[in-house]
Structure formats: C-alpha cells, structure tokens
Amino acid sequence: APVTIANGTQFTDPNGEPVHAHGGGVVKVGEYYYWFGENRNDDNTFRYVSAYRSTDLKNWEFRNHVLTQESDPELATANIERPKVMYNESTGQFVMWAHKENGQDYSEARAAVAVSDTVDGDYAYRGSFRPLDHMSRDITVFVDDDGAGYMVSAARENYDLHLYRLTEDYTGVAELVANPWPGGHREAPALFKRDGVYFMLTSGATGWDPNQQQYATSTDLAGGWSEMRDVGDATAYDSQTAWVLPIQGTDETAYLYMGDRWAGAWDGPVNESRYVWLPLTFPD
Ligand code: DGJ
C-alpha cells in the first residue's frame, strides 16, 4: 500500500525516538528492509552503528546497536562513517564496511570491516586498513547478480573513486577493478544496477554542505564508464547521497534515492541531520 514519507525531517520510530541511520544503507532479508547507519555522540565521534527494520519503508522499528564503542578498543574513540551491510550467500554472513577515522582528525582514511551471522546481531569487528594501501574515505558496497561483492571508496584525498572487487567472503579486498574518474573529486558513492546498466551516483566534495549530485553509467564495472552528468537540482534538494535502494514490486523495480541533509551545514551535530528520500526516474 502507498505510504507517505515526510522529507527533510528526522524520522521517528514507533516510540517517538529519532531514527539514527545517517549515511546509511539498506539490506533486505525476507520481508524486512534493514536500515543501518551512523548514530553519533554529541561531538560527532562514533557511538553506534544502529539497525532498524521496516516492511513498508515508513515505519522503522529499532533493532540493535550492532557496532558500538565497546566492540573493539580502536572504536573507543573513532569516527565511523557511511556503514553499509551486505549479505554473502555463500558464507551466510552479513558483512559491514565503513569508513574509519581516529576520532581526532581525518588522516587515517581507512576502511573498516565487521561481520555477523544474523542481520541485526552484534557485529564482530575485524579491524581497519587501507585497501591495497590506498586512502579510503566515503564508501559504499554492491553485490552483483553473480554474487561478486564490490566496495567503492574515495581515494587519493578524495580525488579518485576506486571500485574494488572483494574476496569471496566479502571481508577483504581482492583487486582494484577501476578508477574511472581520476581527479573527479567525488564523494558519497552509491552503486546500483538497472536492466544490465550500472549506475554510480556521487556528490561533490563540500564537507557537510550539499552540492550537485552526478551520475555515470556503464555496462561493465571494470570499464566503459561514462562521464559524470548532473542529476537533480544544484544541491540534490539540500541533501547528499547515502544509498540507492532498488525496490522490487510486482510489476517493476523502483529505485529510491536515500540522502542525508547533514546538520553540519547549520553547525548542528550529525544526529540532528534530516533525511531526504526521492524517487529516481529514468528517461529511457
Ligand atoms: C562529506 C562526507 O560525504 C560525509 O560522509 C562526511 O564525512 C562529511 N564530508 C564530513 O565533512
């Protein structure tokens, strides 16, 4: 049944508590969409990755703080940004990738990995590293139709966007597959596939302030990527990409843009950020 989302608001759970899944991503398990994202301390350091679930994408039930400051000593003081969870069919495990910093500055530029046997269980932290020694900041993940897992992250001080193929269990990096827009200075990647075409949606790099989102397409993750082209208005309706959720209906698959309206733009803490969700349309 149709539901209405109030854009530009802090979503609340059935108890009236704000939903903190900033910079997040969604994985579908059975009839539930599970939404994971940042839930930060007042000083914006890492507090939790929190998980919520919904069947209708409007009513979100809090499930668990799946990663916490106690999950590992290196998370006691840290920044964990843009956590994304993917399900590995062959291992039956849920694997989380996130951008990790030390909580003081932005110099580590590492990717962090955590795993769980259940979607909203306590995730075991596997540590953080620079993928193939590359800097790694804004991050996303993607599972292809053939089961191959990919991680995308901003490299070289955010000037490049790297596509990595993951190891079979999704917990490591196997190969740098492509660096399609060197010098492009793009952040906030979201990668999805529609009718055999891969779409990479990104933002520019202006801190917490919104900017022009752009997208590129290819029929091959490893090459043949188009240039980045503008999409939406000049500020993505005052938001930045977090995730694109394919929603499989009975007749067609729709694609939901999930963006963050970061409170940092008005000097607020991340946990006061709003959500902006919009339908993506395709000209052909
Ligand atoms: C832009 C990134 O996309 C966000 O995730 C966040 O790291 C801000 N920069 C911080 O300025």
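This is a predicted model: local features need pLDDT of at least 70, side-chain atom pairs count only at pLDDT 80 or more; totals for chains, interfaces and linings use all residues.

Me: What makes the radius of gyration of the protein chain agree with that of a compact globule?

Reply: For 284 residues, a compact globule would have a radius of gyration near 19 Å. The protein chain has 17 Å, and therefore the value agrees with the rule. Along its principal axes, the C-alpha trace spans about 45 × 45 × 40 Å.

Me: How many helices and strands does the protein chain have?

Reply: The count is 0 helices and 19 strands. Of the contacts with a separation of 6 or more, 46% are between residues 24 or more positions apart.

Me: What share of the residues counts as buried, and what share of the accessible surface belongs to carbon and sulfur atoms?

Reply: Of the 284 residues, 54% count as buried, the cut-off being under 20% relative accessible area. The accessible surface comes to about 12,300 Å², and carbon and sulfur atoms account for 45% of that area.

Me: How far apart are the mean positions of the positive and negative charges?

Reply: The 21 positive and 43 negative charges have mean positions 1 Å apart.

Me: Why is a set of residues called a nonpolar core, and which residues have the most contacts inside the largest one?

Reply: The term applies because its members are buried residues of the listed types, Trp among them, joined through side-chain atoms within 4.5 Å. The largest such core has 29 residues, and Trp 35, Trp 97 and Trp 277 have the most contacts inside it. Strands that each supply at least two residues of this core include S2 (32-40), S6 (93-101) and S19 (274-279). A second, separate core has 20 residues, including Leu 75, Ala 78, Phe 94 and Met 96.

Me: Why is Gly 30 called exposed?

Reply: Exposed requires over 50% relative accessible area. Gly 30 has 63% relative accessibility and therefore counts as exposed. Gly 30 is placed in the loop between strand S1 (22-29) and S2. Its C-alpha atom is separated by 31 Å from that of Ala 236, 206 residues apart along the chain.

Me: Why is Leu 132 called partly exposed?

Reply: The class lies between the limits of 20% and 50%. Leu 132 has a relative accessible area of 43%, so the residue is partly exposed. Leu 132 belongs to the loop between strand S8 (124-129) and S9, and its phi is near 50 degrees, a positive value in a residue other than glycine.

Me: What makes Tyr 237 partly exposed?

Reply: With a relative accessible area of 44%, Tyr 237 is therefore partly exposed. Its phi, near 55 degrees, is positive in a residue other than glycine. Tyr 237 is found in the loop between strand S16 (229-230) and S17.

Me: How do you know that Tyr 159 touches His 185?

Reply: Contact requires heavy atoms within 4.5 Å. Tyr 159 touches His 185, as well as Trp 181, Pro 182, Gly 183 and Gly 184. Tyr 159 is in the loop between strand S10 (149-155) and S11.

Note on methods: Residues are numbered from 1 along each chain as its sequence is written. Side-chain values use heavy atoms; hydrogens and water are left out. Buried means under 20% relative accessible area, exposed over 50%, partly exposed in between (1.4 Å probe, protein chains only). Helices (H or I, at least four residues) and strands (E, at least two) are DSSP runs, numbered from the N terminus. The radius of gyration is taken over C-alpha atoms; the globule rule is 2.2 Å times the number of residues to the power 0.38. Accessible areas come from the Shrake-Rupley method with a 1.4 Å probe; for residues, only the protein chains shown count as cover. Lys and Arg count as positive and Asp and Glu as negative; His and the chain ends are not counted. The place of a charge is taken as NZ of Lys, CZ of Arg, CG of Asp or CD of Glu. Lists of a residue's contacts leave out its neighbours within four places in sequence.
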